[in-house]
Amino acid sequence: MEQEGTFTRARLKAPRAGAIAGIVFSILLIISMVLIWISVPANPQDAGTWLSGSWKTVSLALHLLPFAGIAFLWFIGVLRDRMGADEDRFFSTVFLGSGLLFLAMLFASSAMAGGIIMVYGAAPGKLIESGIYTFGRTVTYQIIHVYAMKMAGVFTISICTLSIRTRIFPRWMAFLGYALALLLLLSIGYLHWIPLVLPLWVLLISVHILLANIKPEPASDL
């Protein structure tokens, strides 16, 4: 009986852990994106003049991303644990695969941007003249606004489908997620704010899960 009680309490704590991880991921990613947006021009073909005055701000934003990624992995793991025996193998595979691909692309674009900043610190003039900046800036833009956003859309669709089956969060949040996923899938880079869709949606469902599971635990029998 004592082992069953311990297991039950652990299962009850799983939604809270997932919600907290989702909130941490969302806040860190939103802060990072906003710092980059106020520092870097929206046009990927810019001349790189922002480097001289904003490279420290962008560097700070890039250093936040690994911690956002760790929280995102924790969020995925806890959600899968929450589904338990109700987990659908097909959609769970798509859910896990798209989430990991999104995270890998996020890290790849961050590494590319960090490399540009490091090269600028070593040889500012050569970076622009050699075309390395233009290449790196364009690749970073394409990874985030095209490929990563498509994976974010697939991730959102899969988790919404799993939610409808397992009732992790309300149906209206799932239907909202479907609409946002369609926006992510159809966007082709013209909407500069589109990367905010995923963290804002994760923040919404994470806050809901956290509030729904903040309940006092019953006193254990002595």
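**Briefing: helix packing and surface of a predicted model**

Helices H5 and H7 are roughly parallel to each other, since angles under 35 degrees count as roughly parallel. The model is predicted, so that local features need pLDDT of at least 70 and side-chain atom pairs count only at pLDDT 80 or more, whereas totals for chains, interfaces and linings use all residues. Residues are numbered from 1 along each chain as its sequence is written, and side-chain values use heavy atoms, with hydrogens and water left out.

**Overall make-up**
- The protein has seven helices and zero strands, where helices are DSSP runs (H or I) of at least four residues and strands (E) of at least two, numbered from the N terminus.
- Of the 222 residues in the protein, 43% are buried, meaning under 20% relative accessible area with a 1.4 Å probe and protein chains only.

**H5 and H7**
- Helix H5 (residues 132-166) packs against H7 at an angle of about 20 degrees, and their axes lie 11 Å apart; axes are lines fitted to C-alpha atoms over the stretch in contact, and angles run from 0 to 180 degrees between N-to-C directions.

**Two residues on these helices**
- Tyrosine 141, in helix H5, counts as buried because its relative accessibility is 14%.
- The C-alpha atom of tyrosine 141 is separated by 9.8 Å from that of glutamine 45, although the two residues are 96 residues apart along the chain.
- Leucine 204 belongs to helix H7 (residues 197-212) and, at 31% relative accessibility, counts as partly exposed, a class that lies between the buried limit of 20% and the exposed limit of 50%.

How values were computed. Angles under 35 degrees count as roughly parallel, over 145 as roughly antiparallel, 65 to 115 as roughly perpendicular and the rest as oblique.
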